[in-house]
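Biologist: Could you take me through this model, please? I'd like to start with the ligand contacts.

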Amino acid sequence: MFARICLAVIVAVSAQAQLKIVIAHRGASGYVPEHTLESYAMAHAMGTDFIEPDVVLTKDKVFICLHDIHLEMTTDVEQVFPDRKRADGKWYAADFTLAEIKQLHAHERLKNRFPQDKSSFQVPTFTEMIELVQGLNKTTGREAGIYPELKEPKWHRDNGLPMEEAFLALVKGYGYTDAKSKIFVQCFEAEPLKRMRNDLGSTLPQIQLMGNEKEFAPMLTKEGLAEVAKYANGIGPDKGMIDKDPEIVKRAHEAGLQVHPYTLRKDSLPSKYSSFDNELNQFYNVYGVDGLFTDFPDLAVAFLKR
Ligand code: G3P
Ligand code: CA
């Protein structure tokens with residue numbers, strides 16, 4: 001009898017662990033330059049559940065995978081197009097056609113990671129990213145989802161490049177059509193998420209991202225989270241917000257929201273944690289989050305398996 005109870009507990013705990021997800025942040029960006037097809041492929045091979053592209057629009061309205069709305073942090077745009085910066089000294093993706101962006105070399109943002117002047121990488125389109133993931137889903141028989149972030153939709157709209165409708169049409173074309181689709185659509189801005197849910201009728205799972213800025217504080221109250229739950233399926237807070245107030249997880253769960261904090265990095269471990277496993281354990285098992293963004297998806301996958 002005792003053995004049967006123990007087995008039931010083990011099965012239940014394993015099933016619970018299975019439900020927790022790993023989100024490969026900018027691909028396997030701890031190993032390969034962020035937001036490159038190579039980084040996404042490596043994340044897939046590492047067994048991640050979801051792969052994150054950040055997306056912005058080019059001048060000719062093509063979604064590309066890029067963290068910033070400008071290009072100089074992760075490409076050689078300054079050398080290739082020295083005269084194309086705006087008055088603020090930045091090279092905006094929205095000022096370049098896709099053909100021009102394809103002339104650039106992409107490189108890792110952080111100097112302590114993949115050497116910035118080695119090998120050769122490109123800025124991928126969002127379409128290329130989806131086709132890579134879906135191709136790997138087919139050839140490996142293991143289905144990874146996508147977790148795209150719309151970067152600065154208000155800025156894009158103000159610059160004549162509305163994102164939401166075109167984004168939904170694009171993902172629909174690849175079979176991401178309803179609440180069961182293996183996709184999470186994330187954004188720091190609430191309005192685009194509300195527009196997609198309420199005006200454009202999207203039922204795709206949505207995540208309200210949150211940062212440490214004051215503007216997000218009202219969203220974290222019981223009432224604020226209830227409002228978020230009207231248009232989103234979960235929240236994506238900065239991990240420091242949960243370290244500071246672990247009750248966020250409980251409040252979000254009570255509102256019916258999943259919790260996916262960002263970003264756990266083995267090479268940038270907060271001093272309060274003795275190891276990366278220690279940090280993973282704190283978030284997955286002590287705080288009880290449902291998933292997390294990490295630049296080292298292999299380590300999170302291995303942790304959940306244990
Ligand atoms: O989307 C989650 C996380 O990636 C948000 O931060 O700046 O890395 O896009 P960022
Ligand atoms: Ca992101």
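Biologist: How far is the side chain of Arg26 from an oxygen atom of ligand 1?
Modeller: An N or O atom in the Arg26 side chain is 2.7 Å from an oxygen atom of ligand 1, where a polar contact is a pair of N or O atoms within 3.5 Å. This is a predicted model, in which local features need pLDDT of at least 70 and side-chain atom pairs pLDDT 80 or more, while totals for chains, interfaces and linings use all residues. Side-chain values use heavy atoms, without hydrogens and water, residues are numbered from 1 along each chain as its sequence is written, and chains are lettered from A and ligands numbered from 1 in the order written.

Biologist: And what about His67 and Lys151?
Modeller: A polar side-chain atom of His67 lies 2.6 Å from an oxygen atom of ligand 1, and for Lys151 that distance is 2.7 Å.

Biologist: Switching topic, which residues are the protein donors of the calcium ion (ligand 2)?
Modeller: They are Glu52 (OE), Asp54 (OD) and Glu149 (OE), lying 2.1 to 2.3 Å from the ion, where donors are N, O and S atoms within 2.8 Å of a metal, or 3.2 Å for Na, K and Ca.

Biologist: How are those donors spaced along the chain?
Modeller: The donors of the calcium ion follow the spacing E-x1-D-x94-E.

Terms used
Polar contact = N/O pair within 3.5 Å; in protein donor to acceptor, adjacent residues only side chain to side chain.
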